[in-house]
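Here's a quick walk through a fold, written for someone who likes to know the cut-offs. Have a look at the model first, then read on.

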Amino acid sequence: MKKLNKVLLAVFVILLFTIIITPHEAFNGTMLGLKLWAFTVLPGLFPAALLSSIVLRIFPIKKSFIYSYIILAGVLCGFPVGGILIAAYCRDNQSDPLLMRIMPLCNISSPSFMLNYVFTMSCFKDINISTLLLCTYLPVFICLGILIFYEKIIYNSPSSQAILISDKNHHSLQENLVSNKRKKNKKEQEQTYTENKNNTIKINWCSIIDEEMGRAVKNMLKLGGYIVIFSCVSNYIYNIYFIPELYRNLACGIAEITNGIFYINNMQMPVTNKAILILAINAFGGISTLMQTVGIGREFVHIKKYICGKLLYVIVTILVAKILLG
């Protein structure tokens, strides 16, 4: 951990001096990030994130339908709505290991982003829209099947049961405290309901909407900060000319997908290879998206599991794209 801290400190110091030495590149990267956030991310994501959180908070969705709702909302609304919903659900209820495991598959590009940004790339001119969407979302459900099957095997094995029992004993005190707090809150809510029976619905709606509005605004500002930071990083990576173009563009895509996709599209290479690379970068989502998700639901994101889930999604996407695109 100390070595990692030293490495991170060195990276941040290098970035600081780079910005001081080349302020023009930092300015360009910041402007790109702000434009991306203000004109693409905020208008498309804010209403979806707010309304989906309100629905999850107000309506008592059964646990058997929670997975379907979160997956559907995450896929249709785009990242990081899936992460926001999982964090919100786990914050108000008991943490769910399966939800945390499928988080990487809920944090993906929305159909709107795929059609309005990715599909406009030159390499997709001769590709059918349905094929593009199939290459993007079919791997999600394949990976979900793999993870759910894996989860059942792991949790049904004797060794995993022993680990779960040990883990439960380790966290029993914390869970008891949380349970007592929930019971206390529930009791207070019941008292409030009894005392204000005629006005309960109005008070609940107003308070819930107000809380979720504040949370959504805070999340959008965090997203903007991460997008600006990684747009700057991507811009600096692209200008390291002694690195081969392919590696530079892939590194940009790993940092932040919109710039990486744009740079890959402008490369001179076979159209099919270019399309597969773009789909793979889109599947990974970029470190920017990972940091956005961590910033929103830090206590509910297991970074190693998240990255492993994303790598599985990338591999399956490449295989599906090779089969469908030829």
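## Notes on the model

At 28% relative accessibility, R215 counts as partly exposed, where partly exposed is the range between buried (under 20% relative accessible area) and exposed (over 50%), using a 1.4 Å probe and protein chains only. This is a predicted model, so local features need pLDDT of at least 70 and side-chain atom pairs count only at pLDDT 80 or more, while totals for chains, interfaces and linings use all residues. Residues are numbered from 1 along each chain as its sequence is written, and side-chain values use heavy atoms, with hydrogens and water left out.

Back to R215: its side chain meets that of E212 in a salt bridge, at 3.5 Å from N to O. The term stands for a side-chain nitrogen of Lys or Arg within 4 Å of a carboxyl oxygen of Asp or Glu, and the structure holds 1 of them. Both residues sit in helix 10 (residues 200-238), 3 residues apart, or about one turn of the helix. An α-helix has 3.6 residues a turn, so residues three or four places apart point the same way. E212, at 3% relative accessibility, counts as buried.

Now the overall picture. The protein comes to 15 helices and 0 strands; these are DSSP runs numbered from the N terminus, with helices being H or I of at least four residues and strands E of at least two. Of its 326 residues, 40% count as buried. A contact means heavy atoms within 4.5 Å, and among contacts between residues at least 6 apart in sequence, 77% join residues at least 24 apart. The accessible surface is about 18,700 Å², with 67% of that belonging to carbon and sulfur atoms; areas come from the Shrake-Rupley method with a 1.4 Å probe.

What about the inside? The largest nonpolar core has 68 residues, and V118, F124, I261, L279 and L325 have the most contacts inside it. Apart from it lies another core, of 6 residues, including Y226 and C252. A core here is a set of buried Ala, Val, Leu, Ile, Met, Phe, Trp, Tyr and Cys residues joined through side-chain atoms within 4.5 Å.

| Residue | Touches |
|---|---|
| F124 | V118, F119, L132, A275, I278 and L279 |
| R101 | L147, Y150, E151 and K305 |
| C90 | S95, D96, M100 and F300 |

R101 lies in helix 5 (residues 97-106) and is buried, with a relative accessible area of 16%. C90 belongs to helix 4 (residues 81-92) and is buried too, at 3%. From C90 to G297 it's 207 residues in sequence and 9.4 Å in space, C-alpha to C-alpha.

Which residues of helix 11 (residues 245-255) are buried? They are R248, N249, C252, G253 and A255. Seen down the helix axis, they fall within an arc of 160°, so they line one face of helix 11; the arc is that of the directions from the axis to the C-beta atoms.
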